[in-house]
Amino acid sequence: MPIKEPSTKRTIAFFDGQNLFRSAKDAFGYNYPNYDPKALATKICEKNNWQLEQVRFYTGIPTPIQSESWYSFWKAKLGALGHKGIYVFSRSLRSRTKIIKLPDGSELNVHTEVEKGVDVRIAIDMVRMAYRNQYDVALLFSQDQDFSEVADDIRLLAQEENRWIKIASAFPKKITGKTYGIKNTDWISIDRQMYDSCLDPKDYRPKEGKK
């Protein structure tokens with residue numbers, strides 16, 4: 001029996017906040033997360049005739065000790081997103097020291113902060129909400145290739161239940177060079193014009209952090 005495509009395609013947007021920021025920085029040169037998630041999701045859904053049901057935003061944030069300015073930025077931005085009705089999930093960044101071997105044989109300790117558990121939470125929510133039949137389209141704003149396995153699992157679920165489900169990955173498109181979406185998903189590239197039409201009108205950075 002052929003799978004019937006729904007006339008109304010319920011869509012949930014999942015934002016990998018840090019991944020989108022890094023991609024926009026690489027593609028357009030922006031040095032802080034200046035995008036409006038709801039505006040981006042709305043723009044893409046309108047373009048594809050999808051019905052946006054919910055926006056969900058996930059990100060790691062530094063502790064005040066790691067970076068007081070970035071901590072303040074994210075607390076303010078996430079608070080504003082919550083007031084707009086966006087589901088927000090955040091985790092503190094974990095400190096990690098990497099040992100890098102230099103050409104002369106010496107070693108250099110490099111201190112970095114990394115996300116832990118954010119991508120896992122996105123994956124769990126995408127699969128869980130698919131099982132509960134809460135969407136027809138999962139619109140994922142990320143280029144993290146680890147999500148290709150999630151797409152495979154959701155596609156298998158759709159086959160087993162004879163349901164129509166689309167998984168799409170949206171990402172900023174570089175001006176030059178090839179830009180890739182997540183494997184096993186439909187790719188939606190965001191050009192500079194679309195991105196700039198969806199900027200957050202408010203800058204949540206502390207005054208000393210604005211450069």
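**View 1. Strand β6 pairs with strand β7 in the parallel sense.** Strand β7 (residues 166-172) and β6 are joined over five bridges; strands are DSSP runs (E, at least two residues), numbered from the N terminus, and two of them pair if DSSP finds at least two bridges between them. Ile167 in β7 is the bridge partner of Ala138. This is a predicted model, in which local features need pLDDT of at least 70, side-chain atom pairs count only at pLDDT 80 or more, and totals for chains, interfaces and linings use all residues. Residues are numbered from 1 along each chain as its sequence is written, and side-chain values use heavy atoms, with hydrogens and water left out.

**View 2. Strand β1 also pairs with β6 in the parallel sense.** Five bridges link β1 (residues 10-16) to β6. Leu140 in β6 has Phe14 opposite.

**View 3. Strand β6 (residues 137-141) is largely enclosed by the rest of the structure, because five of its five residues are buried.** Buried means under 20% relative accessible area, exposed over 50%, and partly exposed in between (1.4 Å probe, protein chains only). Val137, Leu139 and Phe141 point one way from β6, whereas Ala138 and Leu140 point the other way.

**View 4. Pro201 is exposed, with a relative accessible area of 78%.** Pro201 belongs to the segment after α6 (192-196); helices are DSSP runs (H or I) of at least four residues. The C-alpha atoms of Pro201 and Asp36 are 8.2 Å apart, although 165 residues separate the two along the chain.

**View 5. Asp153 lies in helix α5 (residues 148-160).** Its relative accessibility is 46%, so Asp153 counts as partly exposed.
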